[in-house]
Amino acid sequence: MALIIDSHAHFEPRMLTEADLLRKLDAAGVDKVALIPAMNDPLPPVPELMLSAVRLMMQSNLTRPIAEAAHRLTLTDEGNLRLVSGEYKIYPQPDNASAFELVKRHPERFLSWAFLNPRASAHVLEDLEKWRSHSGMIGVKLHPHWHDYTTDLLYPLFERMQELNLPALIHLGFGKRGDYRAIAEKFPRLRIVAAHAGFPFYQDMWNFAKQHNIYVDLSSPYIDENLARAAVNTLGVDRCLYGTDAPYGFSDANHSYDYTAIRGWVERMPVSAAGKEKIFAGNFLSLLSV
């Protein structure tokens, strides 16, 4: 069986314990996971009808500003997330230590992104040096969407990452909080992975990415199977990575995470077996080997 690596999953033991995570990975045949340290309180499931509406709005330049305005309403003055079900903390400094402890316990099963926030740390370059010395560190995760900063704040960090050949996994925000064009043009050797198939830009970003050093992961209920297929159709199998966003979305019969959902998207894609192997693991391994 071909290797399967989840390039985008959150270490969130309050929702999915270490033992349950390992059990689900075994059952789903997922060989390795690139963890993302926790950045927020555990979140409730979002109704599919609402997710569908948001996905639809973000596929058009005409309606994307509506989605952006709705997003701004969910952020409190303190930088937390305000939903109908309550307020949830967004952590300025994500919990890197816990994720790297899991990597240390299971080095054959886990890797980790170092989650950095230049808005919360004036010493983000020192933070990078600290975490890149940890075994299993593969690159840097950034979240200008919820940490709420413009991406030009990342330029000194990107300069250093480009020197170190470290990839960046970015959950892009709207407008200047997700200026992928400026990033790619200013740092042409930086390997950029746009989370959730290029949320919130999708096709607009895919068309640009074809000529630049940009990849996407196919994770999360921010997208659906049709969007995942469209991303692969536009970008090709060489630019797309399998990811899940576990433990968020895709509940199984026991109201826990269903690790087979997005795997099924890839398995059903009308691409060759070799193309699926690239999506499942080959492209991710290539990112790390440059």
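Which helices and strands each supply at least two residues of the lining of the largest pocket? They are β1 (5-10), α2 (48-57), α3, β3 (81-83) and α6 (144-147). This is a predicted model, where local features need pLDDT of at least 70 and side-chain atom pairs count only at pLDDT 80 or more, while totals for chains, interfaces and linings use all residues. Residues are numbered from 1 along each chain as its sequence is written, and side-chain values use heavy atoms, with hydrogens and water left out. Helices (H or I, at least four residues) and strands (E, at least two) are DSSP runs, numbered from the N terminus.

**Pockets**

- The largest pocket holds about 1,400 Å³ of space.
- Its lining counts 49 residues, and Pro44, Pro45, Val46, Leu51 and Leu83 sit closest to the centre of the largest pocket.
- A pocket here, on a 1 Å grid over the protein atoms alone, is an open set of points where a 1.4 Å probe fits, with protein on both sides within 12 Å along at least five of seven lines; lining residues have an atom within 4 Å of a point.
- Volumes are the space filled by probe spheres set on the grid points, which are joined across faces, edges and corners.
- Helix α2 gives the most to the lining of the largest pocket, putting in 6 residues.
- Sorted by class, that lining comes out at 28 nonpolar, 15 polar and 6 charged residues.
- For those classes, Ala, Val, Leu, Ile, Met, Phe, Trp, Tyr, Cys and Pro go down as nonpolar, Asp, Glu, Lys and Arg as charged, and the others, Gly among them, as polar.
- The second largest pocket comes to about 230 Å³.
- Lining the second largest pocket are 15 residues, with Glu78, Gly79, Arg119, Trp146 and His147 nearest its centre.
- The lining of the second largest pocket splits into 5 nonpolar, 5 polar and 5 charged residues.

- His71 belongs to helix α3 (residues 64-74) and is buried, at 9% relative accessible area.
- Buried means under 20% relative accessible area, exposed over 50%, and partly exposed in between (1.4 Å probe, protein chains only).
- Leaving aside residues up to four places away in sequence, His71 touches His145, Trp146 and Phe174; contact means heavy atoms within 4.5 Å.
- Asn283 is part of helix α13 (residues 273-289), and its 6% relative accessibility makes it buried too.
- With residues up to four places away in sequence again left out, Asn283 touches Val237, Asp238, Arg239, Cys240, Leu241 and Lys278.
- From Asn283 to Phe11 there are 272 residues in sequence and 22 Å in space, C-alpha to C-alpha.

- Most residues other than glycine have a negative phi, and most peptide bonds are trans.
- Phe199 and Pro200 are joined by a cis peptide bond, with omega about 0 degrees; Pro200 is in the loop between α9 (195-198) and α10 (203-209).
- Another cis bond runs from Ala246 to Pro247, with omega near 5 degrees, and Pro247 falls in the loop between β10 (240-241) and α12 (261-267).
- Phe250 is found in the loop between β10 and α12; its phi is positive, near 55 degrees, though it isn't a glycine, and at 22% relative accessibility Phe250 is partly exposed.
- Ser220, also not a glycine, has a positive phi of about 85 degrees.
- Ser220 lies in the loop between β9 (214-217) and α11 (225-235) and is buried, with a relative accessible area of 1%.
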